Amino acid sequence: MHAANFVFLLLVVVATGFFALNVQRLISYMLIGRAERRTDHPGQRLKNVFTIAIAQTKILRDPVAGPMHALIFWGFMVLTVGTIEFVLEGIFPGFSYAFLPRPVYATYLISQDVFAALVIAAIAFAFYRRLVIHPKRLEGDNLEHADALIILGMIAGLMVTLLLGSALLAAVRPDAVPRAKLVSHALSIPLRGIDPGLAVTARQLLWWAHGILIFAFLNYLPYSKHLHVATSIPNVYLSNTAGGPWQKGVMRPMDLEAEGVEQFGASDVDHLSWKNLLDGYSCTECGRCTAACPANLTGKVLSPRKIVVNTRQRMMEKGPLLTGDKMEFQHPALVHGEGMSAEAHSPIAVLAERRLLDTFITEEELWQCTSCRACVQECPVGIDQLDVINELRRDLVLMESRFPEEVQPTFQSLERNGSPWAFSATDRARWADGMDIPTMADLQQRGERADVLFWVGCMGSFDDRAKKITVAVARILQAAGTRFAILGQEESCNGDPARRMGNEYLYQMLAKQNIETLDRYDVSTIITSCPHCFHQIGNEYPQLGGNYEVIHHSTYIERLLADERLPLATENGKRLTIAYHDSCYLGRYNDIYDAPRDTLRRALPVVDLVEAPRSRDRGLCCGAGGGRMFMEERQGKRINIERTEELLATGADEIAVACPFCMTMVTDGLKAKDSSVPVRDIAEVVAGQLAGAASSNGSSHSAHVIS
């Protein structure tokens, strides 16, 4: 081993040792979070890694920045193989991958050259975007901006030293550089004629510069937001936020009866799970989540990116104190007692007066969330911003009784009446008067059994507009000959508003009551017209032992139409242009996008479906989710107005929805815009097409309107 190789080996040992020390430190901080199991469904998790992390499917949703970031990522993957060869060559002179089969080795050599050039092009565009274009979602503080430029500069340096060093060698010794390195040979053309001695010296300097940059980059990562280079793939694997219904959008279970538990929800980072803290390491601060957030884009203070960044900042502040780590730089407030009383200068005393909630994240931000999951959907590295918001809300309600004053009547009505509004349970089945619809109790008394239970929901039972949707669904089920029944006054709110607003105690009380009722009637299959009921009963009741097949009415009706079980009118009337609005809890929570659209196409063969600019998994929330239906919207533009304007801009004759919450919000938006465009649930569209509907409604337009 030559002296140069020994020096390089020393550099490798020191650099990798320091990196390993930092990795251990960061892991210790992450483990201050609560335990959480993330090893289930390994097949689905691997699929997420290949589709989201490696194929970069979410990144590529952005037609401009997507290919740029994907090229940089793929370049890193390919060039990492070359970096390993570079390091081994530095330790063992003459080492190379030449032992590989010739076609494989040639492919490897070509990939190193080509991807290095592509990465340089992508980096140049990244510099241009940050320094010239200034996209809004990339705006941040000066340190964040400088960090991005440093990383981009390091990557550019790595690529330039790699290509230029190879080009210099090709200029003086063309036979020493394999012909497969096309880019290197092309770059060597203007360098031919250079003094050989100078070329050798320059190449050696570039070789050492490349090596030093590798280890500088490696050890800068733990102190940079670009730590996601190392954590993004593991974070995607450990995520429960994409691909299939397993755990997607399901709130974290909570044992309210566990012994010795003194904290419900989270007020600080050590109350969150270790995965929430890993999310902080993985955040690229790209701003895609905030750009998609309906609250933020309508002028409110909530920023999902800020939620994750604040979580990481607080972890880096509190982690050293909880782990006894002396390496990490302390926040000035922890060192000097900034803003604290004169007697509270110790780190522990300062720590007691600072926490994630209030110090970093305000309750105003938390209550502006509509739980639409747009932020989670857009995140390219599997971060669940909504999980942190939900846990902080739980603390506000369960531990501190802090929530908007208008929420108090909702909580009281849920507890006393089993619905968010002060209606009597005896009125739940009033909508069915004269329709000859049995209750489960009726059937049990007669010794009969229904094939399915029609879960009506609170909106469908009490809201005058939503009751028309309920009637339409019931008429469709009757027309198809489906043997169904309802619970009537035995039905209670599914608990979604309580859970999303942080009141887990009230949610579990309602859910357990409903599960007891459903199990008493041995219910196995449920149809519901409300996506919130659909998601809650189907995906979250299993946490409490309630396991049922739950079908949203859009899916059930589409199946009936496909099987030709509905007698539709032969005359379809005038050709309609309809814009369908995606429900968040039907779409992003449960991946149901086609069934509502297919239902409209089958029911109205003369329909033209038009899409708003934001649709399907990028659909804009109506503004009612996350309990926002029961809260005032005091800041910025109303979300339902923003969405209604988008739908009206399509020029559609009608707007279709598949959720009673969306129906209310879009209807209110149309009234505010003084628009005469009607909005109908897809069930109303189908019911209006049932044979005999036109004559029974008594008007030429009645084939398209439920009276």
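Strands S1 (residues 452–455) and S2 (residues 484–485) run parallel, joined by two bridges. Strands here are DSSP E runs of at least two residues, helices are H or I runs of at least four, and both are numbered from the N terminus; two strands pair if DSSP finds at least two bridges between them. S1 also pairs with S3 (residues 525–528), again in the parallel sense, over three bridges. Leu453 is a handy landmark: it stands opposite Ala485 in S2 and opposite Ile526 in S3. Both faces of S1 are covered, with Val452 and Phe454 buried on one side and Leu453 and Trp455 buried on the other. "Buried" is under 20% relative accessible area, "exposed" is over 50%, and "partly exposed" is in between, using a 1.4 Å probe and protein chains only.

Before going further, keep in mind that this is a predicted model, where local features need pLDDT of at least 70, side-chain atom pairs count only at pLDDT 80 or more, and totals for chains, interfaces and linings use all residues. Residues are numbered from 1 along each chain as its sequence is written, and side-chain values use heavy atoms, with hydrogens and water left out.

Now look for an open sheet of four strands in the order S6-S5-S7-S8, with parallel pairing. S6 (607–610) and S8 (679–681) sit at the edges with a single partner strand each, so one side of each has no neighbour in the sheet. On average, neighbouring strands of this sheet are turned by 35° against each other, direction ignored; the axes behind that angle are lines fitted to C-alpha atoms, for helices over the stretch in contact, and angles run from 0 to 180 degrees between N-to-C directions. Within the sheet, S5 (residues 576–580) and S7 (residues 654–657) are joined by three bridges, and Ala579 has Ile655 in S7 as its bridge partner.

On to the helices. H3 (residues 65–91) has 27 residues, which at 1.5 Å a residue should span 39 Å, and its end C-alpha atoms are 38 Å apart, in agreement. That expected span is 1.5 Å times one less than the number of residues. Even so, H3 bends by about 30° at Leu79, the bend being the angle between axes fitted to the seven residues ending there and the seven starting there.

In H8 (residues 228–237) you'll find Asn235, which is buried because its relative accessible area is 0%. Who are its neighbours? Leaving out residues up to four places away in sequence, Asn235 touches Lys275, Leu278, Asp279, Ser282, Val381, Gly382 and Ile383, where contact means heavy atoms within 4.5 Å.

Cys289 counts as buried at 8% relative accessibility, and so does Cys584, at 9%.

Last stop: two loop residues. His134, between H4 (102–133) and H5 (142–172), has a positive phi near 55° without being a glycine. Its relative accessibility is 45%, so His134 counts as partly exposed. Asp436 lies in the loop between H19 (407–417) and H20 (440–446), and also isn't a glycine, with a positive phi of about 55°. Asp436 is exposed because its relative accessible area is 72%.
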